[in-house]
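Colleague: I would like to learn how to read side-chain contacts in a model of this kind. Could you take me through them one feature at a time?

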Amino acid sequence: MATPLSHPSPPPLRTVAVVGLGTMGTGITEVLAAAGRDVVGIDISEAQAARCVAALESSTARAVERGRLTDRQRADLLARVTTSTDLTAAAGADLVIEVAPESYEIKQQILAALDRIVRPETVLATGTNALSVTRLAAGSARPERVLGMHFFNPAPAMKLVEIVSSVLTAPAAVAAVTDLALDLGKEPVAVGDRPGFVADGLLFGYLNQAAAMYEANYASREDIDAAMRLGCGLPMGPLALLDLIGVDTARTVLEAMYAESGDRLHAPAPVLRQLSEAGLTGRKAGRGFYTYEAPGSGTVVRDALTPPEGASPATGRPVRSVGVAGSGTMASGIAEVFAKAGYEVVLAARSEEKARAAKGRIGKSLARSVDKGRMTAEAAAGALERVRPTGTYDDFADVDLAVEAVAEDLEVKRQLFATLDKVCRPGAVLATTTSSLPVVACARATSRPQDVIGMHFFNPAPAMKLVEVVRTVLTADDVHATVREVCGTIRKHAVDCGDRAGFIVNALLFPYLNNAIKMVQEHYASLDDIDAAMRLGGGYPMGPFELLDVVGLDVSLAIEKVLHREFRDPGLAPAPLLEHLVAAGCLGRKTGRGFREYAKR
């Protein structure tokens, strides 16, 4: 929940003017009218005002079809909205929300004109997500009545509203707008005035890094987007989201963030400038990172960068049996995935007892799938029968694919690969599930580095659809093709990436988590507000601090250190607060305390 604001009850804001009737202005108008407010929509373009009305008619008609509104409620909602091309139409408003283009000059002109039009007690809210609210307020004759009210797109669906105060804002204005947001059914989060506020402050750094990753030809746009959707449960990949937001808008936000922070992670990736200046600003232009059916359409169409359909040019090696090395959660999960897909699986651990315990976990997991109706009892029994536990790696002698899932320690993995090199037959593919260590270091521990590849599953392996397929500079084409084919057989979505720290998902996820910690460390926002902002404003399944406590703060710190060591970027240095918590033994849920405290089980 957002931090509650204590205040005397301010007078309600009954009449609201919305200045700027683009997508966001139209959405805000709908939200206000649906909550019983009288709304005056104002735009300098008569055509844009007409498009706003048409969009409202269309969206409310869909709501009637879906049973969310009655015909009478729809008629009342539409009757509460009037439009104008003249700013003086805002004269009687209790609140004016401007959502004009992200330009100081344009917004300051609007606020200055409103100063001369509206009543002294009227609250003026800017919908900016990039510009300084303080600077906009300072240019007004009534800076104490100016604040930020940052909705998220699409405004009718997104629950978050960031209420942005400057040092000049009167508490009564904040209270009135917060009460309005609650009455609109939104979750207001109180934040201070800095570029990006909370949600965009975290989101745009992540989007910028994804753009830079794409620009470096590290991975395809499709693989970057699929990795973040399937690996993190996000509703949309970062490059598709940049196209939706507008590449030019993202560049503006990042420029403002970089001017304030000086952090290289916020310096806009050059590809954002190139696309913006070419007019390839995303969906609204019909082309950005992707190509769309038409300007404004969300339907992606094939273009010159779309990967060809069909099989890899190389032919993979036949795989009938799989060896899985390890006895932990990840090893048993991977063994279960292969067994369910029909492979004969040798599950090897340091002792037969550990291997049998791992097989026992697989049995329990399969039983849960049967209980939930996801598979038949016969299929579960067959899968379990295909898993052979063993206490020796010698039993990998005949496997076609060996997958290691042992401790995330380079020396432990190197020793294991040296053993696999001796035990496995010539031509067997050797895969590591490392999430942060160099795959090539495992490969060089063998006499056949061309047969070694990364196959990074996500936890829990039976449920998570993503596998990052990590080629080293030495990996053979047919080994890569083999693993891609196997991923298809086990019904996982494979994405290709090179052998560098973090691969795709962790390289984008952990700097975002680190930046969230820095926000708390700097007392900019609370844990609860940041988590709420990212769940409600970014569509994340978990807030950053919920996720950090689940992953483990020690694991997170180790990955941050690897990223910082590899890329040498000061912005990737682990936040001191994270290091202090790990040093204190506060590692998250597994120890009962991390960023939050948990009840002992």
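Colleague: How many aromatic pairs does the count come to?

Modeller: A pair of aromatic rings is described by the distance of the centres and the angle of the planes. In this model, which is predicted, the count comes to 6 aromatic pairs. One of them joins Phe-338 and Tyr-343, whose ring centres are 5.6 Å apart and whose planes meet at 80°, so this pair is edge-to-face. Phe-338 counts as buried, at 0% relative accessibility, and Tyr-343 is likewise buried, at 7%. Together with Phe-457, Phe-338 and Tyr-343 form one aromatic cluster.

Colleague: Which charged side chain sits over the ring of Tyr-218, and which lies over the face of Tyr-524?

Modeller: Over the ring of Tyr-218 you will find the charged end of Arg-500, 4.0 Å from the ring centre. For Tyr-524 the residue is Arg-194, which lies over the face of the ring at 4.3 Å from its centre.

Colleague: Are Cys-487 and Cys-497 buried or exposed?

Modeller: Cys-487 is buried, with a relative accessible area of 1%, and Cys-497 is buried as well, with a relative accessible area of 5%.

Methods. Residues are numbered from 1 along each chain as its sequence is written. This is a predicted model: local features need pLDDT of at least 70, side-chain atom pairs count only at pLDDT 80 or more; totals for chains, interfaces and linings use all residues. Side-chain values use heavy atoms; hydrogens and water are left out. Buried means under 20% relative accessible area, exposed over 50%, partly exposed in between (1.4 Å probe, protein chains only). Rings of Phe, Tyr and Trp (its six-membered ring) pair if their centres lie within 6.5 Å; planes under 30 degrees apart count as stacked, over 60 as edge-to-face and the rest as tilted. A charge sits over a ring if NZ of Lys or CZ of Arg is within 6 Å of the ring centre and within 35 degrees of the ring normal.
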